[in-house]
Amino acid sequence: MDKVIFGDNQFFGVNHLSEERARQHMKKFKDIRNILNVLDYVNDIGIKTFMVTTYDKVEHICEHVKRNTARYKDFKINPCLPYAHKYANSVAANGILGTLKKYLGGNLLQSVSKGGVALAKKDFTKMMELLVDAELAMFKGVNIEAVFLQNVVTDLLLGLGMYDFFLSFSDYVKERYGAQPGFITMNMPLLVDVLEERNVENPLICSSINKINFRMSGGIDLYRTYLAGKNIQAIAMQVLAAGAINPEEAVEFIGSLNGVDAVLFGSSSPKHILDTKNLIEKYL
Amino acid sequence: MLNAGIIGIGKMGLSHCALLNAHPDIGNVAICDASRFQLAGLKKYTDFSCYTDYKKMIQEHELNLLFVATPSKFHCDMVLYALENNIHVFCEKPLSLSVQESKRMADLANEKGLVTQVGFHNRFIGTFQAVKRFIDQNLIGEVYHINGEAYGPVVIEEGAGTWRAVPEEGGGCLFDYVAHVINLMQYMVGSPEKVSGTILKKIYSKHVEDAAYSSFFYKNGITGQLSVNWSEETYRKMSTKVEVLGKKGKIVSDAQECQLYLKEDPQKEGFEKGWNSFWITDQTEPVWFNLRGEEYSAQIDYFIQKVKNNDLDNVNSFESSLETDKVIQILRADAEGRPCETDIMGESRESCSESALSNSFWMFLKKLIRSH
């Protein structure tokens, strides 16, 4: 796994500190060319892993990468699914069952019948597989190294105790897509315990890790112990705690922890991207 | 260990379910829902006891606390039944669709000495808590005006067909976005005595309001303005903001950032003349389990601790929520040109379902008269 992983929050209006800044980004990246320009830069300076939410615009990003195979040699796009707001908005308008019908329906006749059968039989594992397929359809032909489950789903399943889904998801992603299963979570230690118990080996786990203990359920000391002692591939996100910590201090702290394998960050400014990449390579 | 029950496993119910199940003070969790489809999934993959009849669930389990997260029109009967069985209740907002129902629930809870809470989670967001703290510390001096607003993309096209579009079922932004904003303004400066110039606007919905605008007048001379619109697709998700103006400064806050402007140096550590910024990252207390944001975890932990200590002093009690329901009712009255006194606590002897029924009957009658 690469040490430096580029994220995409800035491209679709997420900023954990300022809604105004999020809105400005949203305006800027409304034009897909502005996203592709940033991505070209990221690729050219040697960041070769891009973690991306499965929202509609990603289709254009995948097309761009496929069109420029030589330039984007070794470039990996790792999808994080599902794009929760899409489903949340649909649940508000159509209800849970209506949403399942809508998305399991898809465009393919085959998945209509498969989805219909799965719905009727209440085969939830099958539904999960169909939803994964629906979300990953647009990534066909690009290099996928890992498929991540978004924290809103990981942590919901974790809280509800629906642990078997983690194993089903892992198996499906490995078998069907030849990719590594990954999990984004706000509750890393608890998830590690559960995955260990279910024999999900050496999983990719992406969680908030930062100097100020922000979004680290269980606390920084527990994280320290798990990072050092457990058999996981750990990706640190929110290392700057949305800009609350000075970048050098933030990354230096990550480097001081034993067991962080990679850092995920997002930015729209070339200078900031390059600086952060250099810091990660210096300290990790 | 406390035993918990949850009625209604839609979006909020599921989230409560996960948080409760992961909470160290919670033992067994029982769930109840009318949808056999959702229940089947949970039955198959979790250890929860599953029910379709809430009374049976309450009778069969020794519940210490109950979460009610069904559509609002069902709240009253369920909550009263739980309270009668001496169970502490957390209810999703709005507490009910009428002030009379809310009052009956609040009264019974008081009579029984039970802990109650309503899911107005904004009061557990660090930046909004900071606003409240700064007002209480008199940092901005005498408050003279408050603006409360919320925008987001809930109903952005015509023809959506869920309960959100049906007035009798608690549809409309008044019971949703507006309730949150009113409750937050209430947290900061109390309840208005009078409202005026209320506009309830249908944008895409046919039968319910998608936006609400109004002016508030408070007893102590404070004024306020409400601006809420849930058909605003320029926002990615619900964005809530308050602005409080005082004679010595002002506070502007959303869920991420709280900015405090001070006219003079307050001679207080951590504050200076001019703009002071505080972010959610430094205003947030760690939680035991994080699902959709710290505030959802924090409000549940707060409720559990209140139940454990039998502490009835709750920031989001039914009684506090009743105040919010009153404002919702006078906003509707004002918009429809009816008198909107704040003292609208007519005693009702009807049962909850009867009062809901008679509400629908009057609405039906009104429509009939209008159409003729």
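**A first walk through the model**

Reply: Start with L291(B), which is buried at a relative accessible area of 3%. Keep in mind that this is a predicted model.

Me: Where does L291(B) sit in chain B?
Reply: L291(B) is in the loop between α8 (280-283) and α9 (294-308) of chain B.

Me: What does L291(B) touch, leaving out residues up to four places away in sequence?
Reply: From chain A, V152(A), D155(A) and L156(A). From chain B, S15(B), A18(B), L19(B) and S297(B).

Me: And how far is L291(B) from N110(B) in space?
Reply: The C-alpha atoms are 32 Å apart. In sequence, L291(B) and N110(B) are separated by 181 residues.

Me: OK, chain A now. How many helices and strands are in it?
Reply: Chain A has 12 helices and eight strands. Of its 284 residues, 54% are buried.

Me: Take helix α2 of chain A. Why does its length make sense?
Reply: Helix α2 covers residues 32-44 of chain A, which is 13 residues. At 1.5 Å a residue they should span 18 Å, and the end C-alpha atoms are 18 Å apart, so the two agree.

Me: Which residues of α2(A) are buried?
Reply: I35(A), L36(A), V38(A), L39(A), D40(A), V42(A) and N43(A).

Me: What do those buried residues of α2(A) pack against?
Reply: β1 (4-6), β2 (49-53), α3 (58-67) and α12 (270-283), which belong to chain A. Just after α2(A) comes G46(A), with a positive phi of about 100°.

Me: How about α8 of chain A: what should its residues span?
Reply: Helix α8 has 14 residues, 164-177, and at 1.5 Å a residue they should span 20 Å. Its end C-alpha atoms are 19 Å apart, which agrees. Its buried residues are F165(A), F166(A), S168(A), F169(A), S170(A), Y172(A) and V173(A). Then G178(A) follows α8(A), with a positive phi near 60°.

Me: Switching topic. How many residues are in the largest nonpolar core?
Reply: It has 107 residues, and F6(A), F139(A) and I31(B) have the most contacts inside it. Helix α1 (residues 11-21) of chain B gives the most to this core, six residues. A second, separate core has 77 residues, including V68(B) and Y187(B).

Me: What does F139(A) touch?
Reply: Leaving out residues up to four places away in sequence, F139(A) touches V52(A), T54(A), V58(A), C62(A), I77(A), P79(A) and I144(A).

Me: How many cavities of 30 Å³ or more are there?
Reply: One. The largest cavity holds about 40 Å³ of space. Its lining includes M1(A), N78(A), E145(A) and F148(A). By class, the lining has six nonpolar, two polar and one charged residues.

Me: Backbone next. Which peptide bonds are cis?
Reply: L81(A) to P82(A) is cis, with omega near -5°. K93(B) to P94(B) is cis as well, with omega about -10°. Most peptide bonds are trans.

Me: And N199(A), is that buried or exposed?
Reply: N199(A) counts as exposed, at 61% relative accessibility. Its phi is positive, near 60°, in a residue other than glycine.

Me: R215(A): buried or exposed?
Reply: R215(A) is buried, because its relative accessible area is 16% and the cut-off for buried is under 20%. Phi of R215(A) is positive too, near 55°. R215(A) lies in the loop between β6 and α10 (220-229) of chain A.

Technical notes:
Residues are numbered from 1 along each chain as its sequence is written. Chains are lettered from A and ligands numbered from 1 in the order in which they are written. This is a predicted model: local features need pLDDT of at least 70, side-chain atom pairs count only at pLDDT 80 or more; totals for chains, interfaces and linings use all residues. Side-chain values use heavy atoms; hydrogens and water are left out. Helices (H or I, at least four residues) and strands (E, at least two) are DSSP runs, numbered from the N terminus. The expected span of a helix is 1.5 Å times one less than its number of residues. Buried means under 20% relative accessible area, exposed over 50%, partly exposed in between (1.4 Å probe, protein chains only). Contact means heavy atoms within 4.5 Å. On a 1 Å grid over the protein atoms alone, a cavity is a set of points where a 1.4 Å probe fits but cannot get out, and a pocket is an open set with protein on both sides within 12 Å along at least five of seven lines; lining residues have an atom within 4 Å of a point. Grid points are joined across faces, edges and corners, and a volume is the space filled by probe spheres set on the points. Ala, Val, Leu, Ile, Met, Phe, Trp, Tyr, Cys and Pro count as nonpolar, Asp, Glu, Lys and Arg as charged, and the others, Gly among them, as polar. A nonpolar core is a set of buried Ala, Val, Leu, Ile, Met, Phe, Trp, Tyr and Cys residues joined through side-chain atoms within 4.5 Å.
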